[in-house]
Amino acid sequence: MSYSNSIIFGPIPSRRFGISLGVDLSPSSKQCNFDCLYCELEKAKTVDTMITYPSVLEIVTAIKESFHKHPKIDVITVTANGEPTLYPNLNELIFEINKIKGNAKTLILSNGSTIYDKNTFDTLLNFDTVKLSLDCVSEKCFKKLDRIHSSIDVKKIVQSMIDFSETTKNQFVLEILFVKDLNDKEEEITLLYEAIKKINPNRVDVGTIDRPPAYEVQPVPFNSLENIANKFEGINVNIAYKKRPKQTNSFSEEEIISMLKRRPLTNDDIENLFDEKSKSILQNLVKVGQISLIDSSGVKFYKFL
Ligand code: SF4
């Protein structure tokens with residue numbers, strides 16, 4: 001079977017990373033060790049390894065061809081119709097991509113479930129940015145929401161993420177997708193916060209369903225995401241939500257400092273929360289060095305120093 005026309009998608013402009021070239025390691029069908037209720041792909045039986053997949057040579061050739069046609073690629077995003085770390089030759093693949101990528105960065109989007117496998121752990125160290133999902137901490141929630149394959153030992157996931165965060169020299173981002181009446185319950189949010197504090201990733205993206213899901217589940221409203229972000233004190237939280245309601249207010253210098261002491265705010269947060277006067281107070285705090293503006297894999301955060 002030839003995959004040459006279906007491995008690459010894009011390039012597409014990405015808000016975070018510039019021009020992104022997508023690489024699909026499972027172009028023929030969904031192959032995943034999760035069957036998440038919110039998945040935008042079709043429902044599918046879980047697997048613990050890919051059965052059909054393109055070769056490293058086919059993928060690298062397809063990337064080279066795209067580079068030839070589109071010389072200005074900023075990031076190569078490795079993903080799959082399913083879970084990319086189930087691709088059996090991922091280590092060899094990233095080795096080959098790193099040889100040809102030039103100035104482009106590499107990014108992998110994984111559900112995080114294989115991080116405790118030593119080979120996967122070591123392989124992921126070779127990507128410039130690793131983005132792992134962590135929707136749940138409790139086994140009950142993992143089974144209900146992510147509908148995991150029986151081979152997955154969820155107890156090892158958080159500890160391996162802590163180890164990965166301590167080991168990697170590159171960017172490590174966590175992503176949590178909240179689903180109404182599933183992982184938005186107080187007890188799961190507390191478990192997630194405790195885990196995140198220990199994992200200490202560069203950034204946590206929190207979001208909800210924004211495309212038709214595989215099963216009948218509902219998104220959480222924007223204000224739930226905002227409440228969750230406020231609970232995650234001290235963490236670089238990026239709320240990924242397409243149509244945020246605008247709720248601008250006026251804040252004094254003390255109020256701005258106190259907000260940023262609790263948690264760093266993104267540009268989007270500032271646009272949605274701050275009126276013009278508050279924004280100029282914030283800019284002044286940046287100018288005098290009380291607040292810094294940091295970049296975390298394409299997301300800018302205002303942070304108290
Ligand atoms: S991990 Fe991703 S691809 Fe797999 S079922 Fe969940 S949402 Fe779908």
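Predicted model: local features only at pLDDT ≥ 70, side-chain atom pairs only at ≥ 80, totals over all residues.
**Close-up 1. Valine 130 stands opposite phenylalanine 172 in β6.** Valine 130 and phenylalanine 172 are a handy pair to look for when you want to find your place.

**Close-up 2. Eight strands line up in an open sheet.** Reading across, the order is β1-β2-β3-β4-β5-β6-β7-β8, with mixed pairing. β1 and β8 (237–240) sit at the edges, and each has a single partner strand, so one side of each has no neighbour in the sheet. Going from one strand to the next, the twist averages 25°. Helix α1, residues 56–69, packs on this sheet and touches β1, β2 (18–24) and β3 (75–79). The direction of α1 makes about 155° with that of β2.

**Close-up 3. β1 and β2 form a hairpin.** There are 3 residues between the two strands. Their pairing is antiparallel, over 5 bridges, and isoleucine 8 stands opposite valine 23 in β2. Now look along β1, residues 8–14, for proline 11. What kind of peptide bond joins glycine 10 and proline 11? That bond is cis, with omega at about 10°.

**Close-up 4. Helix α7 has a buried side and a face turned away from it.** Which residues of α7 (residues 222–231) are buried? They are Leu225, Glu226 and Ile228. These three cover an arc of only 160° around the axis, so they end up on the same side of α7. As a reminder, an α-helix has 3.6 residues a turn, so residues three or four places apart point the same way. Asn223 and Asn230 are exposed, and they sit on the face of α7 turned away from its buried side. The buried residues of the helix pack against β6, α6 (186–199), β7 (203–208) and β8.

**Close-up 5. Leucine 225 sits in helix α7.** Let's zoom in on this one side chain's surroundings. Is leucine 225 buried or exposed? Leucine 225 counts as buried because it has 22 C-beta neighbours inside 10 Å, and the cut-off for buried is 20 or more. Setting aside neighbours within four places in sequence, leucine 225 is in contact with Phe178, Val206, Thr208, Val220, Ile239 and Tyr241.

**Close-up 6. Domain 1 and domain 2 touch.** The domain assignment puts residues 8–243 in domain 1 and residues 246–305 in domain 2. Taken over C-alpha atoms, their centres are 28 Å apart. How many residues of domain 1 are in contact with domain 2? There are 16 of them, and they meet 9 residues of domain 2. On the domain 1 side, β6, α7 and β8 each supply at least two of the residues that touch domain 2.

**Close-up 7. Arginine 147 and serine 297 each have a positive phi without being glycine.** Arginine 147 has a phi near 45° and belongs to the loop between α4 (139–146) and α5 (155–167). With 18 C-beta neighbours inside 10 Å, arginine 147 counts as partly exposed. Serine 297, with phi at about 45°, is in the loop between β10 (291–296) and β11 (299–304). Serine 297 is buried, with 23 other C-beta atoms within 10 Å.

**Stepping back. The chain has 10 helices and 11 strands.** Its C-alpha atoms fill a box of roughly 65 × 45 × 35 Å along the principal axes. How does the radius of gyration compare with that of a compact globule? For 305 residues a compact globule would come out near 19 Å, and the chain has 20 Å, which agrees. Of those 305 residues, 39% count as buried. Among contacts with a separation of 6 or more, 74% are between residues 24 or more positions apart.

Key:
Residues numbered from 1 in each chain as written. Helix = DSSP H or I, 4+ residues; strand = E, 2+ residues; numbered from the N terminus. Buried ≥ 20, exposed ≤ 12 C-beta atoms within 10 Å, placed from the backbone. Rg over C-alpha atoms; globule rule 2.2 N^0.38 Å. Contact = placed C-beta atoms within 7 Å. Pairing = 2+ DSSP bridges. Axes fitted to C-alpha atoms, helices over the stretch in contact; angles between N-to-C directions. Arc of directions from axis to C-beta. Domains from an automatic or database assignment.
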